[in-house]
Amino acid sequence: MNDPSPAHPPETVIPIADPASGLRGVIVLHSTRLGPAAGGCRFWRYDSDAAMMADAVRLAEGMAYKNALAELPLGGGKSVIAMPAGPFNRDALMRAFGRAVEALGGDYLTAEDVGTSVADMTIVRGETRHVAGLDAAEGKPGGDPSPWTARGVFLAMQLAARRLGSDLAGLTVAVQGLGHVGAHLCRDLHEAGAKLVVADVDADRAEAAAREFGARIVQPGDIVAAEADIFAPCALGGVLDSRSVPLLRAKLVCGAANNVLAAPDDGDLLARRGVLYAPDYVVNAGGIINVAAEHLGWTAAEAARRVEDTPRRLAAVLDLADANALPPHRAADRLARQRIARAGRERKRAAA
């Protein structure tokens, strides 16, 4: 059942550092075959430089596949900044990061991600034009991409649930993580008639969801095993591994987190247990679609149309999986790599 095509190493890995501001991190360009490598800037505390590097490399690969399957003229990349241990000037750090982006001459397009914000990207914009996720002009894409990400996940979840023979109304969805995306997703699910089980490391967020949506709160460590029809991971990645997958009661996994699977084999384990996995980078592309629309000058209507098209793109992956007896994550990887490779061949022919 395994997809024999191997993962490709990144094109470029650029360590970044600025001792004066405390900036220390890395920019990874996984692929520029489809266009500039686009992907947000994560600001996080890591246990080691090796952990930071591994996170950036894997996130960049996911962005390359996400952008390819979202049919965007963009490659995939990611930047990761290690949060300084002591006091630091955030504006100065973001300005230093902006200079590092500018030095790449347009090969990398950044935006906000976990730990960064529209305000941060506004500071970055003072040093480089290769940044999106800024405050939206009237009638234009831009701003916080979270609502777009949540919308795409919701629509994909509807499609996946129907393929399992049900609608969202009356189903129980366990939502892990109630940040910007998770909260928006809860609102859409509540309006669709779904029941909610929620968990967040921030107890206030969980309490807010309980009040607004009638959600049942469980502890963060218990959410994977919660009694639910659907599991929606919307926090950090790597939540499904060889220890957590056997605890899962849901029959569908569909969420906004990147890199939900700790390793590809964990997706195979889901398939063997009869759990349908909607690949994360297929369903959570709404945010990068909004970023692309802002950068490329598309209208808000065009951005919305592309986000609303998320179910079609997921259906194509699930159809490929069914036709080739592949778990969905293997099918998604195969399709994304084919599109990136085809773009590379077309670029070579054009240059000949």
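The model is predicted.

The domain assignment divides the protein into domain 1, comprising 12–64 + 73–126, and domain 2, comprising 145–283 + 319–333. A distance of 27 Å separates the C-alpha centres of domain 1 and domain 2. In the interface, nine residues of domain 1 are in contact with eight residues of domain 2. Together domain 1 and domain 2 bury an area of about 640 Å², and carbon and sulfur atoms give 50% of this area. On the side of domain 1 that touches domain 2, strand E4 (41–44) and helix H1 (49–69) each supply at least two residues. The most is given by H1, with three residues. By class, this side of domain 1 has three nonpolar residues, one polar residue and five charged residues.

Helix H9 spans residues 286–296, and eight of its eleven residues are buried, so the helix is largely enclosed by the rest of the structure. The buried residues of H9 are Gly 286, Gly 287, Ile 288, Ile 289, Asn 290, Val 291, Ala 292 and Ala 293. The elements that cover these buried residues include strand E3 (37–38), H1 and strand E6 (108–109). Helix H4 (146–163), helix H10 (300–308) and helix H11 (310–324) are also among the covering elements. Gly 297 follows H9 and has a positive phi, near 80°.

Ser 79 is located in strand E5, which covers residues 75–82. Ser 79 has a relative accessible area of 0% and is therefore buried. A polar contact of 2.8 Å joins the side chain of Ser 79 to the side chain of Tyr 108. With neighbours within four places in sequence left aside, the residues in contact with Ser 79 are Val 26, Ile 27, Gly 40, Cys 41, Arg 42, Phe 97, Tyr 108 and Thr 110.

The search of the whole structure finds 21 salt bridges. In one of them, Arg 42 pairs with Asp 55, with the closest N and O atoms 3.9 Å apart. This pair links distant parts of the chain, with Arg 42 in strand E4 and Asp 55 in helix H1, 13 residues apart. The relative accessible area of Arg 42 is 7%, so this residue is classed as buried. Arg 42 forms a further salt bridge with Asp 113, where the closest N and O atoms are 2.8 Å apart. Because Arg 42 lies in strand E4 and Asp 113 in the loop between E6 and helix H3 (118–125), the pair ties together parts that are 71 residues apart in sequence. Both Arg 42 and Asp 113 are buried. A network of salt bridges links Arg 42, Asp 55, Lys 78 and Asp 113.

Another salt bridge is formed by the side chains of Arg 330 and Asp 268, at 2.8 Å from N to O. Arg 330 belongs to helix H12 (residues 328–351) and Asp 268 to helix H7 (residues 264–272), so the pair ties together parts that are 62 residues apart in sequence. Arg 330 counts as buried at 11% relative accessibility, and Asp 268 is buried with a relative accessible area of 9%.

Definitions and conventions
Residues are numbered from 1 along each chain as its sequence is written. This is a predicted model: local features need pLDDT of at least 70, side-chain atom pairs count only at pLDDT 80 or more; totals for chains, interfaces and linings use all residues. Side-chain values use heavy atoms; hydrogens and water are left out. Domain bounds come from an automatic or database domain assignment. Contact means heavy atoms within 4.5 Å. Buried area is the accessible area (1.4 Å probe) that two parts lose on being put together, summed over both. Helices (H or I, at least four residues) and strands (E, at least two) are DSSP runs, numbered from the N terminus. Ala, Val, Leu, Ile, Met, Phe, Trp, Tyr, Cys and Pro count as nonpolar, Asp, Glu, Lys and Arg as charged, and the others, Gly among them, as polar. Buried means under 20% relative accessible area, exposed over 50%, partly exposed in between (1.4 Å probe, protein chains only). A polar contact is a pair of N or O atoms within 3.5 Å; within protein, one must be able to donate a hydrogen and the other to accept it, and residues adjacent in sequence count only if both atoms are side-chain atoms. A salt bridge is a side-chain nitrogen of Lys or Arg within 4 Å of a carboxyl oxygen of Asp or Glu.
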